[in-house]
Amino acid sequence: MTAALLTIEDLHVSYRGRNSTAHILDGVDVTIGRGQSVGLVGESGSGKSTVAFALLGLLADNAEVSTRRAAFDGHETSLRVEETRALRGTDIAMIFQDPMTALNPMFTIGTQLVDIQRRRFPRESRHWLWARAATMLADVGVPDAAARMNRYPHEFSGGMRQRVVIAMALLVEPKLLIADEPTTALDATIEAQVVEVLQRLRQRTSTSMLVVSHSMGLIAELCDSVVVMYAGTVVEHGPVQVVFSRPRHPYTRALLACEIDPYQAFDPSQDLATIPGTVPDPARRPRGCIFASRCPDRHDRCGERPPHRQAGDARAYSCWQEAS
Amino acid sequence: MTRPVLTLDNAVVRYDRFTAVDNVSLELRRGETLGLIGESGCGKSSIARAIVGLQPLAGGTLAVEGETVKDASRQRRLVLQRRIQLLFQDPVASLSPRLTVRALLSEPLKIRNAFTAENWGRIVALAESIGLGEQLLSRYPHQLSGGQARRVALIRVLAAEPSIIVADEPTAGLDISVQGDLLNLLRALKDRLGLSYLLISHNLNVVGRVADRVAVMYLGQIVESGPTAALFREPAHPYTQALLSANLTLDPSRRHDRIVLSGELPSPANPPTGCRFHSRCPLVQVRCATEAPALRTGEDGRAVACHFPLAATPTVIPQAIAG
């Protein structure tokens, strides 16, 4: 087996305040194999976007980032801004949530698609870059791509704009494509189209993907494996089908129980599942298990840090509970 | 059959020359939750605005418990309109950070000049019954948990003693672990206070679970409506079928049936001729481009506007859903 494209061990991100320090990420491990697609799933405040932003060096200036070890494409990296800057837009590209704000309204799509390639192909002519961009635009399903190159972002619909953003990310031939909530701003039928574009892309290229989303449905569609985050820690990770069909960590189980399946028979008088309680304050994290205060299976041991358990099915989770 | 608590008859909503809602008729029965689904720009929020009185109807009528709002006297109109309240998309954002919970809850009564000991007592009792104890009354919104803030916002809506609540995307932006809390609360209040809901949402899972009946909109018109379970299982309109199949699912076996529509949503300002869906319909025929299909209601309470509705294949529907 070849080395993974990206390995991060024990990632910590914190912000120092006047009286306290907020620990946003507390010991996160992420590994992405070559050509693999990994999903980061969690609710607001879980730190999933912070992981992506740390990779890109897009965190605020006062963020304190540390890792035990991080390596990208065979090279060790400290994730310091100087190092991530070199990767950004060449080896790592990002698809943002809102396609409107990701494009500059003052320039045509063509100009933006050409400029994005300049760092990657500094010696190529504008003519060559333009032709390449038009081909890519057609590839991601923008009809009449050659003519549309001369249009401005406002002349595109939301779904088409997101395709432009995807084309933009792909033009630099990144080794890793990060998609942060790529379909959240889109309508259902348009979301299905964009999911199809991304799925096709996965089959055709060897680009690895990191999909950051709160939607477990999207992760299930696009990813091989999933990392479930809660309050800045990884509670469970493993192959998507394994984790989603047989969750082991109480948080993963509770989260999946909250998913509604409108096709399943149900008792209308029965309440919907919820997870009572709130996410702990990042400045006052509990010493033991981070989920303990909301966990239905809590017991005395949970005041201590839970062990990291490896299950036989390529899945790992952090809990005192033995696999049953 | 009981009289509907709200009736929208051939309603038209226009912004200048742009028709957002084109001849839509809806009935909301007492105690039911009617789901309204469709994509951006289909006119579902315009219907909400027209029903709560934020946007005048350019055509058609709105009746509350059989009384046509347009024909009522000015004073009566206010009374009727007050029976319909709008629950905002992000109810918590509607709470002023400078007011205490006590002030926030008494404000709607004071606006109506109805701040009496009796009414206030009723509000406090209602708050208590959904878990907002008296000790919270002196707090400010930032001192509340998300769940408590949602309850405060809900009670403010209920202070007007409405019989109909129009909820426009009430769960949008909520984490899935708390979305159930809001929906459970809405259902409990509905049963206790005899409310009826018009639930507008793009979240098909939520609508499929909590709505009794569903209406599907496309470009300003209703293309299909019917009891939720039947409509979800056997959609009759090709658009409904495509919309439902586009819903992302954790169940890999269901993904094979996905219908990915080609093309974009046409501009509602310039809808296609004939059937408005014909430009994207996978089953389009010649007739669809010229002749607009009428919304025809069958005896099973289902209505569909399509020249060639999908044939229902008989399947066994679990009792609990059919119930």
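Among contacts in chain A between residues at least 6 apart in sequence, 65% link residues at least 24 apart. Keep in mind that this is a predicted model. Chain A contains 10 helices and 13 strands. Its radius of gyration is 21 Å, close to the 20 Å that the globule rule gives for 324 residues, so chain A is as compact as a globular protein of that length. Along its principal axes, the C-alpha trace of chain A spans about 70 × 50 × 45 Å. How much of chain A is buried? Buried residues account for 46% of its 324 residues.

Now look at where the two chains meet. Here 32 residues of chain B are in contact with 34 residues of chain A. Which elements of chain B give two or more residues to this side? They are α6 (176-193), α7 (204-210), α9 (238-246) and α10 (319-322) of chain B. The largest share, seven residues, comes from α6(B). Sorted by class, the side of chain B that touches chain A has 16 nonpolar, 10 polar and six charged residues.

Next, stay in chain B and find two helices. Two packed helices are described by the angle between their axes and the distance between the axes. Helix α3 of chain B covers residues 101-111, and helix α4 of chain B covers residues 117-129. Their axes come within 11 Å and cross at roughly 140°. An angle over 145 degrees would count as roughly antiparallel. α3(B) and α4(B) are therefore oblique to each other. Their crossing is right-handed. Which residues meet there? From α3(B) come Leu105(B), Ser106(B) and Leu109(B). In α4(B) they meet Asn119(B), Trp120(B), Ile123(B) and Ala127(B). By class, this contact has five nonpolar residues, two polar ones and no charged ones.

Finally, turn to the backbone of two loops. Most residues other than glycine have a negative phi. Glu161(B) is not a glycine, yet it has a positive phi of about 50°. Find Glu161(B) in the loop between α5 (146-158) and β7 (164-168) of chain B. Glu169(B) also has a positive phi, near 50°, and is a residue other than glycine. Glu169(B) sits in the loop between β7 and α6 of chain B.

Are these two residues buried or partly exposed? A residue is buried if 20 or more other C-beta atoms lie within 10 Å of its own. Glu161(B) has 13 other C-beta atoms within 10 Å, so it is partly exposed. Glu169(B) has 20 C-beta neighbours inside 10 Å, so it counts as buried.

Methods. Residues numbered from 1 in each chain as written. Chains lettered and ligands numbered in written order. Predicted model: local features only at pLDDT ≥ 70, side-chain atom pairs only at ≥ 80, totals over all residues. Axes fitted to C-alpha atoms, helices over the stretch in contact; angles between N-to-C directions. Helix = DSSP H or I, 4+ residues; strand = E, 2+ residues; numbered from the N terminus. Parallel < 35°, antiparallel > 145°, perpendicular 65-115°, else oblique. Left-handed = near helix turned anticlockwise from the far one by under 90°. Contact = placed C-beta atoms within 7 Å. Nonpolar A, V, L, I, M, F, W, Y, C, P; charged D, E, K, R; others polar. Rg over C-alpha atoms; globule rule 2.2 N^0.38 Å. Buried ≥ 20, exposed ≤ 12 C-beta atoms within 10 Å, placed from the backbone.
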